[in-house]
Amino acid sequence: MPTSLSRTGVASVCAAALTFSGLVVTGLLGAQPAAAANPAGYQNVRINEVTSANNDTVELYNTGSAAVSISGWKMSDDGFSPQSFNPSASTIPAGGFVTFNSPKGLGDADKLVIYTADGTVVDRVEWAGGAAKPAMARCGGDGTGAWVTTTAATTFGAANAAGCPSSVPAASRVRINEVTSDGADTVELYNGGTSAVSIGSWKYVDNDTTHVPVSISSSSPSATTIPAGGYVTFDSVLGLGDNDSVFLVDGNGTTVDSVTWATGGAKPSDERCANGTGWFRTATTATPGGANSCSGSGGGGQTGRLLGGGGALTGGCTPEAPSGTGSAPAGTLAWPGGLDVTIADNVCAFTTSTGPEGRDLSGLAFDPANPSVLWAAKNKNWLYKLVKSNGTWIPDPSWSVTGKQIRFAGGTGQPDSEGLTVGGNGHVYVTSERDNSDNTVPKDTIMEFDPAATGSTLTPIRQWDMTAQFPQLDTGSKDDANLGFEGVGYVPDGWLTANGWIDPLTGAAYNPANYPLHGAGLFFAGLEWDGTLHVYGLNSDGTFTTFGTIPTGKVSVMDVTFDAGTQRIVATCDNTCGETHTFLKVNAAGAIVPDVTYTNPAVMPVDNLEGFALAPTSTCVNGFREAVWSDDGIYGFGSGSSSYGHALYSGTFPC
């Protein structure tokens with residue numbers, strides 16, 4: 001839970017620098033889990049090259065950081081309705097190309113429009129007489145460069161640089177630089193060239209195929225010329241919305257530039273970073289008529305977007321500010337997965353009856369035996385079994401639409417439920433820091449629940465109480481009592497033995513047979529107090545074996561998971577440690593040590609994101625699988641109330 005940490009400097013100090021060895025991940029970048037009819041990242045697919053000669057070939061390029069499925073997509077020109085086409089591949093990898101031949105002929109003066117399977121316009125390009133012979137191609141950057149007629153051989157299926165002319169027309173230096181769909185529907189053009197460009201006859205259009213291009217001068221009569229290094233702005237009379245586009249065409253009808261965005265992508269604006277040349281990204285501040293702020297999400301070329309969200313807040317579902325913000329450990333690397341992140345729950349989905357803090361989620365764990373199930377723990381003693389519905393995680397109606405309340409052994413108390421994991425026996429193990437009915441007293445326990453048990457309230461089959469091991473938390477302060485077991489992960493014996501873990505109790509290779517009552521694995525509990533992992537064998541007779549402490553290199557741990565895909569233990573820390581995930585391995589000496597640390601995707605909010613789970617590799621699509629985060633109170637991202645009310649985020653991670 002969010003706390004005012006009582007340790008000196010814990011909110012701003014992270015552990016000393018560590019030397020990390022790289023964590024090797026393989027596979028092509030893969031598709032974002034779809035949250036709607038259109039695949040996530042569809043707006044990153046751009047027409048990159050087209051010819052109206054020979055076989056009327058079209059090339060599509062994926063500017064995004066994750067693969068995009070184009071199954072069922074269609075195309076049209078200026079004379080025929082959308083038709084299916086046969087691409088060279090059904091999925092475009094990140095930074096990759098797909099080509100196809102137009103099912104109908106393309107002419108000397110024509111238009112090409114690409115649609116998703118549900119008819120949403122993805123991109124379009126128009127050209128005047130002969131401009132697509134030998135081809136029209138984007139130059140100055142695949143997927144983002146200016147459209148020009150090539151002067152060299154075509155480059156279908158490869159980068160366009162070789163096909164660009166040595167000099168490009170001055171008009172092609174004009175770029176759409178910023179767009180807002182937040183009411184004014186403003187479009188900003190920027191001239192990156194060294195001479196003024198006349199745009200008096202230029203037009204624009206959105207992605208509604210029933211609309212015809214509108215003159216810029218009809219929207220802004222004074223917008224006739226863009227000076228070198230200058231700007232022109234105008235308000236679209238066509239209106240701009242979510243999942244929309246702007247296409248800019250010159251006086252001949254040839255496309256100059258375009259931009260497409262998904263839900264929320266142009267609110268408050270969608271801007272190029274760097275100004276005039278870079279990739280589009282969602283901004284936090286609109287700057288029409290001036291240099292772009294580049295104050296929004298993402299960075300370094302391809303950028304991510306936070307997709308989805310909204311909905312009306314309800315009583316008991318109000319934001320709670322994050323606490324304890326600090327910096328990431330030295331050597332932290334950028335998120336290796338897709339940069340787009342989707343809000344993955346319904347608004348205010350986890351509101352309960354147990355107090356004003358009943359609005360959040362903490363620990364997360366995929367069920368290894370059924371990866372379509374995501375288990376979630378919520379503070380104030382609730383457990384949720386979540387399943388996917390139209391891309392959104394919802395409570396499984398066959399289990400409980402409102403979650404199930406959990407109790408300590410004997411059916412008493414209010415466990416401050418924080419972390420959870422699924423054991424080798426399929427049971428759900430939940431940690432608690434304290435009893436919320438007496439929240440100044442620590443109660444660091446691990447409870448075992450049978451998910452098949454009936455009823456709306458669950459009591460543990462077994463419970464292990466480790467409170468006596470942490471006297472530093474028993475100070476009479478509710479803040480100190482709230483710094484106990486924040487996460488837990490079940491680690492199979494097979495991984496420990498295969499990697500040569502040295503049992504700290506014997507000084508020899510770990511031998512599970514020495515502990516006959518512990519089951520088939522050990523439990524690694526993360527202590528929020530100091531970021532250490534505490535290793536336990538949980539015995540069937542209610543006793544436990546303590547295997548010692550493992551430093552994570554961070555001042556706090558909020559969630560722990562074992563990831564079979566990377567063969568690593570993952571210790572997650574929220575904004576206290578810069579929103580980071582440390583992957584731990586067994587080193588050559590048989591000790592468990594940090595291997596590599598990653599940040600969250602740049603679009604993620606800086607909140608108390610306390611839960612983290614990686615889907616099993618059996619769910620992989622094109623080398624990627626789902627990653628899920630939970631928010632412990634702030635409920636969303638942004639300044640407007642419609643941004644709040646959410647506790648789950650979904651992205652992708654390499655397999």
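Mentor: We'll take the disulfides, then the pocket. This is a predicted model, where local features need pLDDT of at least 70, side-chain atom pairs count only at pLDDT 80 or more, and totals for chains, interfaces and linings use all residues. Residues are numbered from 1 along each chain as its sequence is written, and side-chain values use heavy atoms, with hydrogens and water left out.

Trainee: How many disulfides does the structure hold?

Mentor: It holds 2. A disulfide here is a pair of cysteine sulfur atoms within 2.5 Å.

Trainee: What is the sulfur distance for Cys 573 and Cys 577?

Mentor: 2.3 Å. The S-S torsion of Cys 573 and Cys 577 is about 65°, so that disulfide is right-handed.

Trainee: Is Cys 573 buried or exposed?

Mentor: Buried, at 1% relative accessible area. Cys 577 is buried too, at 0%. Buried means under 20%, exposed over 50%, partly exposed in between (1.4 Å probe, protein chains only).

Trainee: And which residue does Cys 620 pair with?

Mentor: Cys 655, with S to S at 1.8 Å. The torsion is about -120°, so this disulfide is left-handed. The pair links distant parts of the chain, 35 residues apart. Cys 620 is partly exposed, at 27% relative accessibility.

Trainee: New topic. Which residues lie nearest the centre of the second largest pocket?

Mentor: Phe 366, Asp 367, Pro 368, Thr 561 and Phe 562, out of 28 lining residues. A pocket is an open set of points on a 1 Å grid over the protein atoms alone, where a 1.4 Å probe fits, with protein on both sides within 12 Å along at least five of seven lines; lining residues have an atom within 4 Å of a point.

Conventions: Helix = DSSP H or I, 4+ residues; strand = E, 2+ residues; numbered from the N terminus.
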